[in-house]
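Visitor: I'd like to talk through a model with you. Could you show it to me, please?

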Amino acid sequence: MGKFDHLSTELEQLCNEGRYRPLKIWDSGSDTWMELSGNKILQMSSNNYLGMTNHPDLQKAAIEAIEQYGVGSGSVRSITGTLRIHDELENELAKFKGTEAALVFQSGFTTNQGILSSILGPDDVVISDELNHASIIDGIRLTKAHRKIYGHKNLEQLEDCLKASASFRSRVVVTDGVFSMDGDIAPLPEIVQLAEKYDAIVYVDDAHASGVLGRNGKGSTDHFNLHGRVHIQVGTLSKAIGAVGGYMAGSQLLKDYLIHKARSFLFSTSLPPSVAAACLASVRVLKNEPERSERLWSNTLYFRDKLQKLGFDTGESETPIIPIIVGTPEKTNKFSDRLLEEGVFAQGIVFPTVAMDKGRVRLIITANHTMDDLNFALDRLQHVGKQFGLI
Ligand SMILES: *Cc1c(COP(=O)(O)O)cnc(C)c1O
């Protein structure tokens, strides 16, 4: 018996269930058309909502930062890893989000981990939507806080959880702003109202809402005009912003606390200066080029309407995340493979990320898709969708 036999057994099981997926290696950078093994493929599953990954302003900022600062920051933030460019980025993010302060982490994942694991102790309770992102779930796992899970967007259950939480030192309600697998939006105004009624902290993870919802992509708090009533906003710099990283936008007190207590902040090296510079440039583009988010939304409404008219089940989508529900993991991944043969990349998302019979390909529309691109995708989806009996 080999030491790793149990791992190969598990992988074999994934194979048998049609859930084994080797990584695809793309030969070009993130863009609407990408090269894969010599073929040009229409990219319909990236998080590059605003086409920022290769925006000339961001590229220029990154190159200049490398020339000025070199390629690495040299340390964790609390030792020598906080450069002027990190500070500028945080000031710009705070201004953009309309909060007192912002604190940047290496990714959205480590932001959630760092915040949840540090602000919550055994005397506190965290109340979380059942469909929240894995990084929230893992952040919660790292705390000794009491946990309550409410059904997806179920406000009655949320209120029950809050009612039963009066004896705790603090109550934190945590939700995705936009849910990543269905593309639906959290009922933030109602959540805020309930939180105010029961004296709870509101924590929103806007990874898929940053750059997408609100004026100039300011996020779900701005979208619902809830400024000053959401205590902790998390954003990612990895999706619409176009590079990598994550941040908290909130009070100066919270920032000071996290600088001293958040372990993913304290024990992992800060973003390279080129990345911080690219993110800074990206926030400025968001402010100066609102036509990007306008195009994102007009593309989204056009595409979703056409898909629905063709007869596809697009689930609960209200944003540029548009799932096409297919079924079992095996059927879903076969559907995704067939689309790829037709020149369209649409990632299959299967159990355990979603329910066993709710496998879907997840399409994400971007500002840079042209009408021709969208029509090409619709034509191929119609063709393959018929073969799979989806329409
Ligand atoms: C993608 C995502 C994250 C992780 O962000 P990264 O910057 O990619 O680590 C966190 N939360 C939610 C809701 C996400 O969708």
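Guide: Gladly! One definition to begin with: buried means under 20% relative accessible area, exposed means over 50%, and partly exposed is in between (1.4 Å probe, protein chains only). This is a predicted model, where local features need pLDDT of at least 70, side-chain atom pairs count only at pLDDT 80 or more, and totals for chains, interfaces and linings use all residues. Residues are numbered from 1 along each chain as its sequence is written, and side-chain values use heavy atoms, with hydrogens and water left out.

Visitor: Is F388 buried or exposed?

Guide: Let's apply that cut-off of under 20%. The relative accessible area of F388 is 18%, so F388 is buried.

Visitor: Which aromatic pair does F388 form, and of what kind?

Guide: Rings of Phe, Tyr and Trp (its six-membered ring) pair if their centres lie within 6.5 Å; planes under 30 degrees apart count as stacked, over 60 as edge-to-face and the rest as tilted. The partner of F388 is F335, at 5.3 Å centre to centre with 75° between the planes. The pair F335 and F388 is therefore edge-to-face.

Visitor: How many residues apart in sequence are the parts that F335 and F388 tie together?

Guide: Helices (H or I, at least four residues) and strands (E, at least two) are DSSP runs, numbered from the N terminus. F335 lies in helix α13 (residues 329–341), while F388 is in the segment after α14. The parts they tie together are apart in sequence by 53 residues.

Visitor: Why does the pair W33 and F376 count as tilted?

Guide: The ring centres of W33 and F376 are 5.5 Å apart. The pair is tilted because its planes stand at 50°.

Visitor: Are W33 and F376 buried or partly exposed?

Guide: W33 has a relative accessible area of 32%. For F376 the value is 30%. W33 is partly exposed, and F376 also counts as partly exposed.

Visitor: What distance separates the ligand from the side chain of D205?

Guide: A polar contact is a pair of N or O atoms within 3.5 Å. Here a nitrogen atom of the ligand faces a polar side-chain atom of D205, and the distance is 2.6 Å.

Definitions and conventions: Polar contact = N/O pair within 3.5 Å; in protein donor to acceptor, adjacent residues only side chain to side chain.
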